[in-house]
Amino acid sequence: MGQTLAEKIISAHTEKPVKAGDLCIANVDVTAVQDGTGPLTISEFKKLGIDKPKNPQRMILFIDHATPSPRKELSNSHMVMRQFAKETGAVLSDGGQGVCHQRLVEQYVKPGEILCGADSHTCTSGALGAFATGMGSTDVAVASALGKTWLKVPQSYKICVNGFFRKGVFAKDLMLYLIGKIGADGATYKALEFCGSTIESMSMSDRFTLANMAVEAGAKAGLFATDDKTYNFLKMQKREFDFKNIEFDKDAEYEKVIEINAEDVEPMVACPHTVDNVKPARELNHIKVNQVFIGSCTNGRIEDLRLAVKLLKRQHVHPDVRLIVAPASKAVMMQALREGIIEIMTYVGAQIIPPGCGPCVGVHAGILGDGEVCLSTQNRNFKGRMGNPEGQIYLSSPAVAAYSAVCGYIADPTEIL
Amino acid sequence: MLKGKVWKFPDNISTDHIAPGRLFHLRSNLPEFAKHVLEDADPDFASKVQKGDFIVAGSNFGLGSSREHAPQIIKLSGVSAVIAKSFARIFYRNAINIGLLLLECNTDEIDAQDELEVDVRTGVIKNLTKKTEITFKPLPEVMIKLQQDGGLIEHIKKYGDFKLT
């Protein structure tokens, strides 16, 4: 009997091969924390009475959620993280380097590995063919200290996407469409494994968007086989030697197979206050927007910024809209500078903020006013997410976001692309 | 035997409802953070909850972020258990790791202010107000083991390693 990607990757980290439903102790290759979860991870780590992480070079501490720090309490938390890195040899990715999930795929995670991260969107690295899953601070403290964790091997859903996207449709629309279909708890405890011709021809940037949002359907992981796209992405990061072949087995057992025809997907928007409250963008042009955010671990990559600038080039941001842009990492920021994207965006009225999570987590740099509407390329629209429970958050692709910033209301860009 | 009053919540209570991002700076001060627990779902909850009370919710309780501060501040508020139709995965794991009791059952017939008596041993929830009984799903074995040891950190300290399989 063949194995699912989840079974295959986990089995390579356990004493004997495992199958879905098994409880196992698995070796962990990489652990990660961010400034919202890192300080608690460190205090739990210290309770264990262990001096150093099992493999300090592969425990990465990211300062990305609240940087530059807007408050002294957070500055103090950052100090705790810097101190821990210094004391133990763990790796620090300080403010300005970027969002943990983008940094993890750029530099730290390899195909076939297991990553435990104290951030729910850790599943992003699944696009590299790694079993990457979000956990809490205590779990990650233990995984960092011992180099292993306990896992229940998840059942997998195979998500088969075939055909070509229509004009104006992107990976984000596909993922919102899927979550709308199966619900915000439609895949709780499961691994989503993506395949099909649409996925095969999709860029890594788009695959990261899909993997990133697996957790928004409740999933434990969002997994992809590796191919030449994976190889070329790693090569771009000057680490093609990290490539490993991770393939689907034809006879693996899937709990469910979901078939999607790419042509059925149109520009989609998730409406307040859950990600599965999805509607076609064209039905929402009565919704005026006060703020548009383009960025985050979901859609803050260079491909996203290129797409956004294509729509912004035509005219200035609507006078009633604030457009905030946060490149997902320093590398993305540098590339956007080289390509003149930052210049154009600034010229048309965007506020460019440093690489990091930006306003997505509601800590700084774009908190909504009472009753204000934000259209964002991030992954979550829960009540209060962007710092104010009276705010209304809609989610979309960078194309819908950029075009809406120009129009002043939620707008389907198909007509002008 | 646990006994207390019900605070009822709907489906999809997220970690942003429980531990709002705008109070990010209170993550380093959990007792203070606990004064705001679930504020965006029920502004009265934090100030009026009594030790031993139950949070009763619909499906997918705790969806969203991995922030362990969410179950931590529920526990600090004195709640003896969260009873829901289902829980989001990371929240479930976090709660068990830190020793917050979570029970899964159909919660449709439980209303706000009902008085409940929960017997973890027999798996029965008695609704003293409605004079009904509900059976909850048995906890997974790994969870029972971690709970018995007082959470994950204590488990590792006790055995120096995982002793779950």
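Predicted model: local features only at pLDDT ≥ 70, side-chain atom pairs only at ≥ 80, totals over all residues.

The questions and answers below treat the chains, their domains, a sheet, a helix and several local features.

Reader: Into which domains is chain A divided, and which helix gives the most to the side of domain 2 that touches domain 3?
Author: The domains of chain A are domain 1 (21-152), domain 2 (154-265) and domain 3 (268-416), with bounds that come from an automatic or database domain assignment. Between the centres of domain 2 and domain 3 of chain A, taken over C-alpha atoms, lie 23 Å; 18 residues from domain 2 and 20 residues from domain 3 form the contact, where two residues are in contact if their C-beta atoms, placed from the backbone, lie within 7 Å. On the domain 2 side, helix H6 (171-182) and helix H8 (204-212) of chain A each supply at least two residues; helices (H or I, at least four residues) and strands (E, at least two) are DSSP runs, numbered from the N terminus. The most, six residues, comes from H6(A).

Reader: How many residues of chain B are in contact with chain A, and which helix of chain B gives the largest share?
Author: On the chain B side there are 38 residues, in contact with 47 residues of chain A. By class, these comprise 12 nonpolar, 16 polar and 10 charged residues, where Ala, Val, Leu, Ile, Met, Phe, Trp, Tyr, Cys and Pro count as nonpolar, Asp, Glu, Lys and Arg as charged, and the others, Gly among them, as polar. Helix H1 (15-18), helix H5 (89-98) and helix H7 (152-159) of chain B each supply at least two residues. The largest share, six residues, is that of H5(B).

Reader: In the open sheet of seven strands in chain B, which are the edge strands?
Author: The strand order is E4-E3-E2-E1-E5-E6-E7 (chain B), with mixed pairing; two strands pair if DSSP finds at least two bridges between them. Within the sheet, E5(B) and strand E6 (residues 124-127) of chain B are antiparallel and share four bridges, and B:Asp119 has B:Val124 as its bridge partner in E6(B). The strands that pair on one side only are E4 and strand E7 (132-135) of chain B.

Reader: Is helix H11 of chain A largely enclosed or open, and what covers its buried residues?
Author: H11(A), residues 302-312, is largely enclosed by the rest of the structure because eight of its 11 residues are buried. A residue is buried if 20 or more other C-beta atoms lie within 10 Å of its own, exposed if 12 or fewer, and partly exposed in between, with C-beta atoms placed from the backbone. Among the buried residues are A:Ala308, A:Leu311 and A:Leu312, which are also in contact with A:Ala402. The cover includes strand E14 (291-295), helix H10 (296-299), helix H12 (330-338), helix H13 (341-348) and helix H14 (398-407) of chain A.

Reader: Where in chain A do A:Pro68 and A:His273 lie?
Author: A cis peptide bond, with omega about -5°, joins A:Thr67 and A:Pro68, and another cis bond, with omega near -5°, runs from A:Pro272 to A:His273. A:Pro68 is in the loop between strand E3 (59-62) and helix H3 (72-88) of chain A. The place of A:His273 is the loop between strand E12 (268-270) and strand E13 (278-280) of chain A.

Reader: Why does B:Asn12 count as buried?
Author: B:Asn12 lies in the loop between strand E1 (2-8) and H1 of chain B, and has a positive phi of about 55° although it is not a glycine. B:Asn12 counts as buried because the number of other C-beta atoms within 10 Å is 25.

Methods:
Residues numbered from 1 in each chain as written. Chains lettered and ligands numbered in written order. Lists of a residue's contacts leave out its neighbours within four places in sequence.
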